[in-house]
Amino acid sequence: MSTQQPVSRRTFLDYLLGAGLTAWALAFVSPVISYVWPAQKRGPGSQSVSAGKQDDFAEWQSKIVAVNGHPVIVVRTPQGFRAFSAICTHLGCIVGWDAGRKQIACPCHAGFFDLSGKVVSGPPPKPLPEHGVAIVNGEVLVKSA
Amino acid sequence: MRLRLWLTIAVGVTVAVAASRAAEISCLKCHEKQQAAFAISAHVPAGVTCVDCHTVDPKNTAPTANRTENCRRPDNKKAIAELCARCHSDVRKMNPYGLPTDQLERYKTSKHGEQLFQQNDQKVAVCTDCHGVHDILKAKSPQARTYATNVPATCGRCHSDAKLMDQYKLPSDVVDQYKTSYHAHLVLEKGDLSAPTCVTCHGNHGAVPPGTKEVGQVCGKCHVRQAELFKKSPHFEVAEAGAFSECVSCHSNHAIKKASIDLFATACIQCHAKDEKQLAVRDNVVKLLQQAKGEYERASARVQEATVQGLATDDEQLLLQEAKTQVTQLEALQHTLAVDELRAPAVRTEDVVAEVLTGVKRLQQVELWKKQSLWPVWLFLVVMAILFWLKRRQIERGEP
């Protein structure tokens, strides 16, 4: 039969304070640890968005990706990748890739843009703004501006 | 021998330049007003001088000998057109400036040109009426009479003159009507130079007022998609038969307003006042358009509300753009009047809007959860404060 000493009020208070301070200290220390811990993965950074692997794009294939909430159309040409804002400068529809014409086409009012973003035909008043594209470790990164 | 040849050429050139310059100087003595206007002209950098237009024989530039006899002012509009064409129809002269050389030929095909060259009508517009006389500027210059924002006023100088237009049985309110149009709003108020002015539809040098059949073709130059879709509508056959004017019947011509759903209330009844079956088609189209637009606006308001709350609505904004694309496509598709074709983008709009609303709801729930999760933190802080206070009291009382 074991005889247990009753926990005094003072000791109980010390336990509680100790636990609270430990939790507090952990809350402060954990961000520091995660900061100094060696990076496990490398991201493109907030200024770029990945459009996928370079090999996933066939020649003349396109894809629309979201960059800061705005659609951007990425096209692989024989000379490399080009990316443009996918918002038509006429009434703001999302443009698509017309593989037959090899042009960017707006489905709403038949506006067409060439692969430098310039208006080929239709009502758009301005060219599509271009986004920079970089290939890093086989990944297609679209710059935010 | 060769030296003598070079000397002769040098002297010849010097004399010619000096003669031309002397002619300029001597013109200025009396024609200061014209000189002030000419100074800003696009002709000055091109080396055009008074004598190029004001001599009967342009090769005779001698300023002093028989100056009065050789100096002239074109005395009729046909002569003006031919005078301008002396350079502007000359490919060799225009090539360095990249200017076309068919203006006179095109002008002759216009109503203006026909009246002048066939009827010798001296009241019609000729080159100088639109481009100016001495102060002719490049069309790209914002001060030019032919600059997009100045074109309505330039055409209006004659086409708003009721007295002049009455002689040709033409309306004199077309420019005023144009100024109330959405096209004019874009050009004159928003400075959108790609939006049409008078010459965009009527042409400039070959200005021919389009007939009923051509109007649709003219509108279709910019509104390509609508023109294509219109061909699928039951109205197309009627238009081909000449009983319906493609675009004008619903949108009018000069006073074209920004198209809205309200147009269905006024345009259709002009022909279908008692045709319940066809008005039912209109009602179905209007219903689909109103629903889609309403859904889009509702979603747009919710996304805006969430963005103002500071939530990251990137994905929802992207979906909203997709919904907008569907609604805009729907607005173009209604030109077919094919209700079944309209259903696909209408349904897609509903689906996308539902996705947007779900996304916004999820974001707002996460935000609420974050706010609620602050309660345990506050509780922890309060408990710790109490514990410290108890500990302090214990120490002060010297309790074991």
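User: In this predicted model, what makes a residue count as buried?

Analyst: A residue counts as buried when its relative accessible area is under 20%. By that criterion, 30% of the 400 residues of chain B are buried.

User: How many residue pairs are in polar contact across the interface of chain B and chain A?

Analyst: Six residue pairs are found there, with both residues at pLDDT 80 or more. On the side of chain B that touches chain A, the elements giving two or more residues are α16 (224-230), α22 (314-333) and α24 (374-397) of chain B. Of these, α22(B) gives the most, with 10 residues.

User: What makes residues on the side of chain B that touches chain A nonpolar, polar or charged, and how do they divide?

Analyst: The assignment follows residue type, with Asp, Glu, Lys and Arg counted as charged. The residues on this side of chain B comprise 11 nonpolar, eight polar and eight charged.

User: How much area do chain B and chain A bury between them, and what is the extent of the contact in residues?

Analyst: The two chains bury about 2400 Å² between them, with 65% of this area on carbon and sulfur atoms. The contact draws 27 residues from chain B and 27 residues from chain A.

User: What makes a set of residues a nonpolar core, and which residues have the most contacts inside the largest one?

Analyst: Such a core consists of buried nonpolar residues joined through side-chain atoms within 4.5 Å. The largest has 30 residues, and B:Phe264 and B:Val356 have the most contacts inside it. At least two residues of this core come from each of α21 (276-308), α22 and α23 (339-372) of chain B. Its largest share, 10 residues, is supplied by α21(B).

User: Which residues does B:Val356 touch, leaving aside those up to four places away in sequence?

Analyst: B:Val356 touches B:Ala299, B:Val303, B:Glu316, B:Leu319 and B:Leu320.

User: What is the secondary structure of chain B?

Analyst: Chain B has 24 helices and zero strands. Among its contacts with a separation of 6 or more, 56% join residues 24 or more positions apart.

Key. Residues are numbered from 1 along each chain as its sequence is written. Chains are lettered from A and ligands numbered from 1 in the order in which they are written. This is a predicted model: local features need pLDDT of at least 70, side-chain atom pairs count only at pLDDT 80 or more; totals for chains, interfaces and linings use all residues. Side-chain values use heavy atoms; hydrogens and water are left out. Contact means heavy atoms within 4.5 Å. Buried area is the accessible area (1.4 Å probe) that two parts lose on being put together, summed over both. A polar contact is a pair of N or O atoms within 3.5 Å; within protein, one must be able to donate a hydrogen and the other to accept it, and residues adjacent in sequence count only if both atoms are side-chain atoms. Helices (H or I, at least four residues) and strands (E, at least two) are DSSP runs, numbered from the N terminus. Buried means under 20% relative accessible area, exposed over 50%, partly exposed in between (1.4 Å probe, protein chains only).
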